[in-house]
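Biologist: I would like to learn how to read this model feature by feature. Please give me the general idea each time, then the case.

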Amino acid sequence: MIPITHAVALSGILFLLGTLGALTRRNLIVILMSIELMLNAVNLALIAFSRQWGNQAGQLFVLMVIVVAAAEVAVGLGIVLALFRNRESVNVEDASLLKW
Amino acid sequence: MIEATPNSWIRWVPLLPLIGALVHGVLLAFFRKPLARTLTIALSCGSVVAAFALSVLLVNELTRLPADARVMTDAMFTWVGTANFSADAAFLLDPLSAVMILVVTGVGSLIHIYSIGYMDDDQREDRGFARFFCYLNLFTFSMLMLVLGDNLLLMFLGWEGVGLCSYLLIGFWYQDTWNAYCGSKAFIVNRIGDFGFLIGLFLLFWSLSDAGHAAIAFRDIRAAFPTIAEQTVQLPQWLSFLPGFPEWRLTTLIGLCFFLGAAGKSAQIPLYVWLPDAMAGPTPVSALIHAATMVTAGVYMVSRMSFLYAEAPGASAFIAWTGAITALFSATIAIAQTDIKKVLAYSTVSQLGFMFLAAGCGAFGAAMFHVVTHAFFKALLFLAAGSVILAMHHEQDTDKMGGLRKLLPITHKVFGFGVLAIAGFPFMSGFFSKDEILLSARLSHVPGHEALYAVALGTAGITAFYMARLYFRTFLGESRASAQVRAHVHEPANTVTYPLIVLALLSIFGGFIGPAAALNPVKGLLGISDANSNSLANFLAPALASVHHEVDHWTEQKLAIVSVLVAAAGGALAFWMYVLKPGVPVVVRSALGAVHQLVANKYLVDELYDRVFVRPLVWISDRVLYRFFDAGVIDGAIVNGSAATVRGVTSHVLKYAQSGFAQSYLGWTAAGAAVLLIYLALQVA
């Protein structure tokens, strides 16, 4: 059996990587991918805990998260497309108009 | 306490004029449409005349009660109710207030009728005929509340009300800023007096409740008064210059405070300055408010509190002397005035001084008698002057009058009778009341009462002089008016002349309500004897705490003869100066030069007050209170300052958080989440 700590640690590292990516990368699509990475990290943690305590609810919740992530990607890519059409760029630094 | 007879009709005496005022008020304020002329007259004059009729009936009822139980009350509702005491909206009809309501409603009715004709111009140009009668009715209501109120609070309500109506009526033709200024001056000076009234009220109430008898109604106060009559107050060190230091009787202090209120309302030194300027108002106003009624409120109040002044010899002496000095002072100013109404105004101040002289000497009955006779002849004089002013197209300067004897026969005759009455022509109203005052001054125990008598006698002579002078300059001799004005001079309408005739009859015969036994020419007739000759004094006696002096008839008659001679001398001097030798006044004027200038300019008292009080106060109000505090501190620092602070913080510090950079927002969120997580983790651990 894989000890749960391995799975949770992996989940944590993945989440951290996702956060750092979302915070530092300039390309909007890469930011979206980082957000997906964060979601998958959470999925992993949920599966691990579900396996540890034999509670099916964790796995069920993972299914819902996957569905939501899919919908979110659709919407997110739609926003990126609209933004690209306006600004000819997917650089997040070019989208900071709502500033003082 | 005497058992009071309830009578629920009393309330209608003040309420009828109030209804008139309210109808006018609602129409003018909410519908912006004045009532039609006929309706206005019917409503306003009708309500006051009805109030007079009712007053007559009520006083008749009162006289049917036994002489020692003449008190009727009417309680409407509880106005201020606390555990210890209650101030009710209730009325007290005793001999003192009976006399006052008859004067107020009676003379008031005549003046309302007179105003129909006098204010006619304002009707035609729709310049406020209805508004005038609204204010007159409101005034009548307030004055009646003042005299009928059974407690000090209700009296104060009426007191303030008449002050307000005085302001409204003096500044009636407010389009002229000067009139508005005079109205403000009257109100402000009155307020200074009201401060004294309130302090006196508080002191009285406080000391009574400390003694365990909290009371605000006059009868209750009078009953509980002996408990505080002997109390004293310790004066602080900085007041060491006052006589009687270090200890004063409490009653003296309260009496002086109330007298300050009376001095404001009844135009005594130092608060008389508003009354001459109040002549800016229409003449009926001058007659009603500043001759017959409002200014006598002070005398009424002092008489109502006579039980207090009987125990306050210091205050009484002060009042007597202030009254005498005011009388003399304003009489001298009147000698040099050329405006008809100004002479009458200073005459009013002087006659009020006489009333307070009597009150200070403990002769409250004599003071009230003079209130009544003064109401008759002073209202007559003012209304007749108004008739002259109307005829001369609003000309008030006697320098431009003269020779009106033939052009205004009725006015001339009634004015003449008024002059005789005020001068004290034998057996006219003024004669009886003035002699009673002079007698009380001579016999009183006030320190320096011989001098008091001399001052009063001299003032009586001066009174005769300036009134005769006024008469001669206005009606006799050659007309000094332009031919154009003279062509239009005619006797005014009947509504103007009929009240004059009634008042003239009252001025001539009105003294017979209370002639002193020694001076009564019809004694022995009609069952009039020594005991019942002075019916007014007998009527008023149970309500007043007067000081009684025994004097034999011959002394009284001697004094009367002396005063008639003094008055005759004053009149004769005026006759010589203004009729026989018209060149004399000019010579006297140039001989006296600067002195005449000073007197004609009313001793520059107004200018003094302006320099000493008005300008510094205006300066403080403008520079300190307005510019510094209101505009600077409150508007600037507090209101605008706090807004500016918020604006500064947001626009210079906080706005940088809105970078528009989504990643930084995410960064802050992540940081916040991390902090939260660490905190929770530590908690669990």
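Modeller: Begin with naming: helices (H or I, at least four residues) and strands (E, at least two) are DSSP runs, numbered from the N terminus. This is a predicted model, where local features need pLDDT of at least 70, side-chain atom pairs count only at pLDDT 80 or more, and totals for chains, interfaces and linings use all residues. Residues are numbered from 1 along each chain as its sequence is written, while chains are lettered from A and ligands numbered from 1 in the order in which they are written.

Biologist: Where is B:Gln658 found?

Modeller: B:Gln658 sits in the loop between helix H26 (605-652) and helix H27 (662-684) of chain B.

Biologist: Is B:Gln658 buried or exposed?

Modeller: Count C-beta atoms, placed from the backbone, within 10 Å of the residue's own: 20 or more others means buried, 12 or fewer exposed, and in between partly exposed. B:Gln658 has 12 such neighbours, so it counts as exposed.

Biologist: With which residues is B:Gln658 in contact, leaving aside neighbours within four places in sequence?

Modeller: Contact means C-beta atoms, placed from the backbone, within 7 Å. By that rule B:Gln658 touches A:Lys99 and A:Trp100. The contact between the chains takes 11 residues from chain B and 9 residues from chain A.

Biologist: How do the residues on the chain B side divide?

Modeller: Ala, Val, Leu, Ile, Met, Phe, Trp, Tyr, Cys and Pro count as nonpolar, Asp, Glu, Lys and Arg as charged, and the others, Gly among them, as polar. The side of chain B that touches chain A has 5 nonpolar, 5 polar and 1 charged.

Biologist: At what angle do H5 and H6 of chain B pack?

Modeller: Axes are lines fitted to C-alpha atoms, for helices over the stretch in contact, and angles run from 0 to 180 degrees between N-to-C directions. H5 (residues 129-148) and H6 (residues 152-170) of chain B pack at about 155 degrees, with axes 7 Å apart. That makes H5(B) roughly antiparallel to H6(B) (under 35 degrees is roughly parallel, over 145 roughly antiparallel, 65 to 115 roughly perpendicular, the rest oblique). Their contact has 14 nonpolar, 3 polar and no charged residues.

Biologist: What is the strand order in the open sheet of chain B?

Modeller: Strands pair if DSSP finds at least two bridges between them. The order is E1-E2-E3, with mixed pairing. Strands E1 (5-6) and E3 (86-93) of chain B stand at the edges, each with a single partner strand, so one side of each lacks a neighbour in the sheet. E2 (residues 72-81) of chain B and E3(B) pair in the antiparallel sense over 8 bridges.

Conventions
Two residues are in contact if their C-beta atoms, placed from the backbone, lie within 7 Å.
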